[in-house]
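Biologist: I am new to this structure. Could you show it to me and take my questions?

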Amino acid sequence: MAKRGKKRPVGRELESLGEILDCLQESFVICDSADHIVFANSRFKAMNAAVEPFTRPGTPYPRFIEAGLADGMFPAAKGREREWLEAALARRRGDSGWPVEYQRRGGIWWLANRTRLPDGGTITVGVDITARKAAEEAL
């Protein structure tokens, strides 16, 4: 019978998972069932540097969206901020409307997809699709 490797404490395993998720090119954020941020990888934090305090664990995700909106991160919301915010929050509460493409400040296009976890939490993964959007525009 093969010997199993030495078990590591769960905390170390989670720390290792965080290190792995930080290597992704995609943004990755986990929220609990109350929609508070539990974990955000370095890509998520970097792309939201202007509102970094709102990317930290414990922050209600709707508060993060509101901070980004106030900072002008979502050009499509300009002049219709309240309507845009209500639609974004309704999409977060529901399971329809995903994936979603949206433009961010600086002409960056983002594709985000959210998955609901069995405990009611969520994982949201985002990827930069700016090159694809430019190619589509060129057609």
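Biologist: Which residues does Gly 126 touch, leaving out those up to four places away in sequence?

Modeller: This is a predicted model, where local features need pLDDT of at least 70, side-chain atom pairs count only at pLDDT 80 or more, and totals for chains, interfaces and linings use all residues. Residues are numbered from 1 along each chain as its sequence is written, and side-chain values use heavy atoms, without hydrogens and water. Contact means heavy atoms within 4.5 Å. On that basis Gly 126 touches Glu 26, Ser 27, Trp 110, Leu 111 and Ala 112.

Biologist: Is Gly 126 buried or exposed?

Modeller: Gly 126 belongs to strand β5; strands are DSSP runs (E, at least two residues), as helices are (H or I, at least four), numbered from the N terminus. Buried means under 20% relative accessible area, exposed over 50%, and partly exposed in between (1.4 Å probe, protein chains only). The relative accessible area of Gly 126 is 1%, so Gly 126 is buried.

Biologist: How many bridges join β4 to β5?

Modeller: Two strands pair if DSSP finds at least two bridges between them. Strands β4 (residues 108–116) and β5 (residues 122–128) run antiparallel, and Trp 110 stands opposite Asp 128 in β5. The number of bridges joining β4 to β5 is 7.

Biologist: Which strands stand at the edges of the sheet?

Modeller: The open sheet has 5 strands with antiparallel pairing, in the order β2-β1-β5-β4-β3. Each edge strand has a single partner, so one side of it is left without a neighbour in the sheet. The edge strands are β2 (37–40) and β3 (100–104).
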